[in-house]
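Please open the model in your viewer and keep the selection tool at hand. The stops below are meant to be taken in order.

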Amino acid sequence: MKRWKMLACATMVVLMIFSMIGCGGDSDADSIGDSNDSESVSGDGEKIVWRLAHTGTEDIALHEASVMLSEKLAEATDGNFVLELYPNCQLGGNREALEGMQFGTIQAAIPNVGMLGGYSTKVSALELPYLIEDVDSFDGAAAVLNTDVIKPIRDDLEESGFLWMASWYQGNRHLTTTKTPVHSPADMKGLKIRTMESELHMAHFNALGANAFPMAFSEVFTALQQGALDGQENPYCNIYTQGMHEVQGYIIETAHIFDVVPLLVSKSAYDALPAEYQQILTDEINNLTMTEWEMSKEENEEYKQMILDAGTCEVIELTSEERQAFRDAAQVVYDEYSDEIGADFIQAIQDAQDQIASKAQSNQTDAEPS
């Protein structure tokens, strides 16, 4: 799991050597360096320019919240803290964004947690299928993701130069297939399903009887269109905005992962900010977090309805019994990875949600007429 960290470090060393060799002759490289040198400026009227990268389109709540954050930072600093946004893989995929943060060319990113396993073993807990299933009130998910329950993850990432500033959300991940209506794990036998380049995602779909096939997000639509894949999994926002519903016959509402996407900031860039700007950045991000969750929930509902209205594919809503069969089949992933992730940490996440559920049940009982 640490191989990515070693690879990223090696990549940075090589890039540093080349930059020292050619630092005097590349005007393009010089201009990029000047625009991102946030460490050389202060809050005394001189602009600080940051780049924020993500892989989603401009049409999703995650990006809309990023726009709001950029506007809030500019407003609070009289335009001196500029957050430039680069959606839609403009600066590369998730891996390139993370490496850019370590090398200093990108100051913030919103990657999927599936790309962070090389920097933290504990972050993989958030990829465990059906570990967090809160899709209504958000109380249970918030009790985990917006509290110190995930402090072990934040500590791991900080050691690699990333600050987990907030837990944003892009919906629940669902399965889609081209020709196969899926109601049980048995229906998935032999299907080639695209997953992220994540051990746990691959282990999950292999456990269901499918053949997990890791692939870059930008390549998925074409692979589905050409029949190289039998399906994939993503939230409704990505299914619709990437046009996947046009080349898929079925969307199966497995809701197997509560798809948290962390807003990460480069620790070195953050430490170089004036204390006043650090506080402004922290406050504005925190103020936006639950707004982003609600925006994402609403937009996924809207995208689902737009898909239904288009009539291009069928939406299969699983029964409680069918969903339980998927949970049961996924248990082998817990068995395989609990020691590596930390059984106590997984239990702490479950306990935090159980406490919220128990409190809600107690309040409901107290409210019932006697």
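**Starting at a helix**

Select Met306 to begin, and you will find this residue in helix α11, which spans residues 275–310 (helices are DSSP runs of H or I of at least four residues, strands are runs of E of at least two, and both are numbered from the N terminus). This is a predicted model, in which local features need pLDDT of at least 70 and side-chain atom pairs count only at pLDDT 80 or more, while totals for chains, interfaces and linings use all residues. Residues are numbered from 1 along each chain as its sequence is written, and side-chain values use heavy atoms, with hydrogens and water left out.

Met306 is partly exposed, with a relative accessible area of 35%, where buried means under 20%, exposed over 50% and partly exposed in between, using a 1.4 Å probe and protein chains only.

Next, select Asp155 and Lys151, whose side chains meet in a salt bridge at 2.9 Å, N to O (a side-chain nitrogen of Lys or Arg within 4 Å of a carboxyl oxygen of Asp or Glu). Both residues lie in helix α6, residues 151–159, four residues apart, or about one turn of the helix.

Finally, select Arg173 and Glu233, which form a salt bridge with their closest N and O atoms 2.7 Å apart. Arg173 lies in strand β4 (residues 162–177) and Glu233 in strand β7 (residues 231–234), so the pair ties together parts that are 60 residues apart in sequence.
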